[in-house]
Amino acid sequence: MAKVKIHIDGKEVLATEGANLLHQARLNGFNIPGLCYHHKLTPTGACRLCLVKVEGQRGMVASCTLAVKEGMNIVAFDQELEETRRFLLDYLVSEQNTQYDGTYPDELRELMLRYGLDKPENRFFKPVKPHVEFRVDSSSPVLTYDPSKCIKCFRCIKACDEVQGKNVLSFYERGLNSFIVAGTGVWGDSECDGCGECIQLCPTGAIVEKPNRETINLEKVEKRVRTTCPYCGVGCQIELLVQDGKIVRSNGVEGVLPNDGRLCVKGRFGYEFVHSPERLTKPLIRKNGELVEATWDEALTLIATKFSELKEKYGPDSLAGYASAKCTNEDNYIFQKFIRTVFGTNNIDYCTRLCHASTVTAMLKSIGDGAGSNSIEDFETTDCLIVTGNNIIETHPITATYVKRGAAKGMKIIVIDPKWTPLVAYATIWLQPRLGTDVALLNGMVREIIANNWVDHSFIESRVEGGMQAFLELKELVEKYTPEVTEKITGVPAQKIKDAARIYATAKTAMVATGMGMSQQVTGTHNVFSLLNMILVTGKIGKERCGIDPPRGQNNVQGATDVGCHPAMYPGYIPVSDVENRRKVAQVWGVPFERLSDRPGLTTVEIIQAAYHGKIKGLYIMGENPMISDPNLNHTEEALQKLDFLVVQDIFHTETTRFAHVVLPASSWAEKNGTFVNSDRRVLRVRKAVDCPGDAREDWRIIHELAARMGKPMPNYRNEAEIFDELAMVTPIIAGISHARLEEHGIQWPCPTPEHPGTSTLYTDRFNTPTGKAKLFPVEHVDQTERATPEYPFILNSGRILYHYHTGTMSRRNKTLTNFTNHPYVIIHPNDASKLGVKTGERVRITSSRGTLETQVHIADEVLEGELFMPWHYTEAQVNRLTRDELDPYSRIAPFKISAVKVEVLS
Ligand SMILES: Nc1nc2c(c(=O)[nH]1)N[C@H]1C(S)=C(S)[C@@H](COP(=O)(O)OP(=O)(O)OC[C@H]3O[C@@H](n4cnc5c(=O)[nH]c(N)nc54)[C@H](O)[C@@H]3O)O[C@H]1N2
Ligand SMILES: Nc1nc2c(c(=O)[nH]1)N[C@H]1C(S)=C(S)[C@@H](COP(=O)(O)OP(=O)(O)OC[C@H]3O[C@@H](n4cnc5c(=O)[nH]c(N)nc54)[C@H](O)[C@@H]3O)O[C@H]1N2
Ligand code: SF4
Ligand code: FES
Ligand SMILES: [Mo]
């Protein structure tokens, strides 16, 4: 927006035209008081403290209700204004419980100090609030509401509605007796999901967070460290408050992307695990079947000896490594360098293979990059959004806040999911296909788009390989997917298919978020091809607010592949077979070219399968817990037992450390420096807030030391910034980034040079394929290889819930999160439940041809008849005992979403 000149107290300042006057004045150093205004909210104009005089207007006006206009002349401070403000504040204070315990920031108190109203003798109005009875609501697991401290500024209500799009809070009663209610009255019973936006925006401490309330004292907080959330791939920026060497609070950082201060419940309250007494603090070595404490020297010597022996005896390809999407780029870069130069193999992979591998495979082939094409803000401003196979509100809660804000302004949302998700409440249309029928559904939509000529011919001609000829091949293939045929295969009514196709194709701009429901299938790559076909024929990519954005899962799942943790690709997505690149990398790494293998390595599940068949002998796992997260766990278990040597480097004992020969205690994210890359390719800083517990060490330092002990030392990096500099030398997409450049803001790759600002939208000129054009991949629907049978009549789907994270090692060690929910269950359709004669809360045994588990029943029509859903976070009910390791042939991903099972009611 244009900058215009205005005058404030006689000084000329540049302000943004049309922007909020109070905010602009504050940005220019005029500290006008005001309590009800917050830059993220629409103005309320309730407290009147921000009064100013505007030339040409009579009297005093609340500056928070004015927009900046060229030539404005404003008085922000004079005696009359200050006296009026003091008077208003005095009145406000009289109705206020002014006790302060030092545990929260209090803007009202700051103003009292500023206007001398902390001294009772300076006050004109007598306190009235102590005489009114107020009920404190402490029923929420995360916060307490004290109406005696509430100034009715509406900030919490607007935080909940306008910022997070949740609409949980409202006002009750009038005047002095009025107070905020959540839902129908009791906070703990309301739909409040604990994101704490209201806490962050409350100016008085009427809403304060519960954790550490007894210990925290803001005056004793020794450090405020800005870093990145360790849970999901949104990459929210957080500020950790450290007192007595411990994290005592996490706030959202205002004013920077991706989150502008917003957090979800995990980002705000999920840090407790860092100080869990169960953290690993000493290396452990297995002796006589037991893991016993050892020194670092003993543990590292043993590892170096064993891995060297195995390499000597069986060759480099008998060794493999699992990198970690929980670790930093610097950790992962050093890890892949270790696997490639010290082990001498490309057998390196990680959880991305269980996650978006198929999405990335399809996107690389079709458009040349596997990363999201847009920037997070586009989720608010696009005209139409398809969310398919992605429970975005629970799994990418802050991206979802953008979506909900967009919905409030009229964005059309199409949800495609066999199971109800909370986004359905905001959706224009919900398509509920049977599990595993997405190719048919999307082919049906493409056919409808072609039949109505909603096709972008000029885009196809100029930007798609083969132009109209390629389009005609697709047209021919989809011809048979009439709405009626598609309805038959998917179960989605024909009219809904037509409506969804029209809404998407005729929108001016449209994006697609695709998640695990699409990717974790034996047809995963084809699912995403069919999605890309639809995007390309409508030309909805390569411009702002148009594209494909798979919300990436782990905090650093994007970064770990960017920096080379891939069996077929070097840092920056350069194939292992690229001789030129290997030569360049060998030189940077200072190793002989011949040491770098040109054979693509094995993928995650293939590594386990090879271990099972005795081909992989030694495995180094950094920060993964395959004994819960891998498919077909009974098989994984046997495979791990067959290994000659297994090293697990983690922050906790896990189901996987039970099989390790050596366990190494690593640092958590709060104990290290480095970077993560989030879902919109934003490279973000991670900063050390606290020390490692006991003898635990930073991940990269452990690997670095091991390299030296295996006779192949790496350079002596003085810090993580130096590792990043080396990484930038071999990774063209981030060549222009350094730690120094990331101090204030993240930078979105590609960023090829130090002057380059980063890239918010991909493919605006060309696709990243060798030809620069995108490619259509017409694909047919095929029946799932695993289907319901008389013996196993149900199909089990698995996924996530808001409060827990993966294998639970971190999230389940936070009381604040487990207070919300902490037990496994299976969702069964009411009709199936009545056929089985089972009620909510009763226990069942679920069995597939591979394994079995027991869990509790939750009856809901969120799933289709014949389909079941389980969250897979719980070790008490290990969903992956039931899943299979049959892989998508193109991406080698496992089909976590489809397992044929039977259900037996336990008496
Ligand atoms: N709270 C929380 N957040 C997380 C995580 C977590 O563990 N907890 N994990 C992070 C990680 S690593 C990832 S990868 C992301 C994943 O985030 P999501 O992609 O949301 O993953 P899921 O919850 O596994 O599955 C998403 C949806 O796919 C649907 N689905 C299943 N089968 C099909 C199908 O055949 N077709 C279609 N169209 N949909 C189907 C499921 O019903 C489910 O609603 O979340 C990240 N964020
Ligand atoms: N049934 C079913 N199974 C699934 C899925 C599904 O939808 N359904 N989803 C799949 C997907 S998408 C994913 S991404 C995978 C995730 O699978 P995993 O990556 O195996 O799961 P996490 O629990 O995230 O494991 C991370 C491990 O790293 C440790 N850790 C955390 N921080 C650090 C650190 O800084 N350093 C080190 N060394 N360790 C650390 C944690 O304690 C934990 O043990 O699961 C897959 N499995
Ligand atoms: S949305 Fe993701 S990154 Fe943001 S606070 Fe929640 S878990 Fe952390
Ligand atoms: S800040 Fe303007 S009226 Fe409250
Ligand atoms: Mo994932």
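# Two ligands and their shells

Tutor: Let us start with ligand 1: β30 gives the largest share of its shell, three residues. Helices (H or I, at least four residues) and strands (E, at least two) are DSSP runs, numbered from the N terminus. This is a predicted model, in which local features need pLDDT of at least 70, side-chain atom pairs count only at pLDDT 80 or more, and totals for chains, interfaces and linings use all residues. Residues are numbered from 1 along each chain as its sequence is written, chains are lettered from A and ligands numbered from 1 in the order in which they are written, and side-chain values use heavy atoms, with hydrogens and water left out.

Student: Which residues are the closest around ligand 1?

Tutor: They are N391, D417, D438, R800 and H804, out of 35 that surround ligand 1. A residue is near a molecule if one of its heavy atoms lies within 4 Å of it.

Student: Why is ligand 1 said to lie between two domains?

Tutor: Domain 4 (368–549) and domain 5 (794–905) both give residues to its shell, so ligand 1 lies between them. The domain bounds come from an automatic or database domain assignment.

Student: What about ligand 2: which domains does it lie between?

Tutor: Ligand 2 lies between domain 3 (286–355 + 556–748) and domain 5 (794–905), because both give residues to its shell.

Student: How do you know that S629 makes a polar contact with ligand 2?

Tutor: An N or O atom in the side chain of S629 is 2.7 Å from an oxygen atom of ligand 2, and the limit is 3.5 Å, so the pair counts. The protein buries 99% of the 930 Å² that ligand 2 exposes when taken alone.

Student: Why is D244 called exposed?

Tutor: Buried means under 20% relative accessible area, exposed over 50%, and partly exposed in between (1.4 Å probe, protein chains only). D244 has 66% relative accessibility, so D244 counts as exposed. D244 sits in the loop between β11 (237–243) and β12 (246–252).

How values were computed. A polar contact is a pair of N or O atoms within 3.5 Å; within protein, one must be able to donate a hydrogen and the other to accept it, and residues adjacent in sequence count only if both atoms are side-chain atoms. Accessible areas come from the Shrake-Rupley method with a 1.4 Å probe; for residues, only the protein chains shown count as cover.
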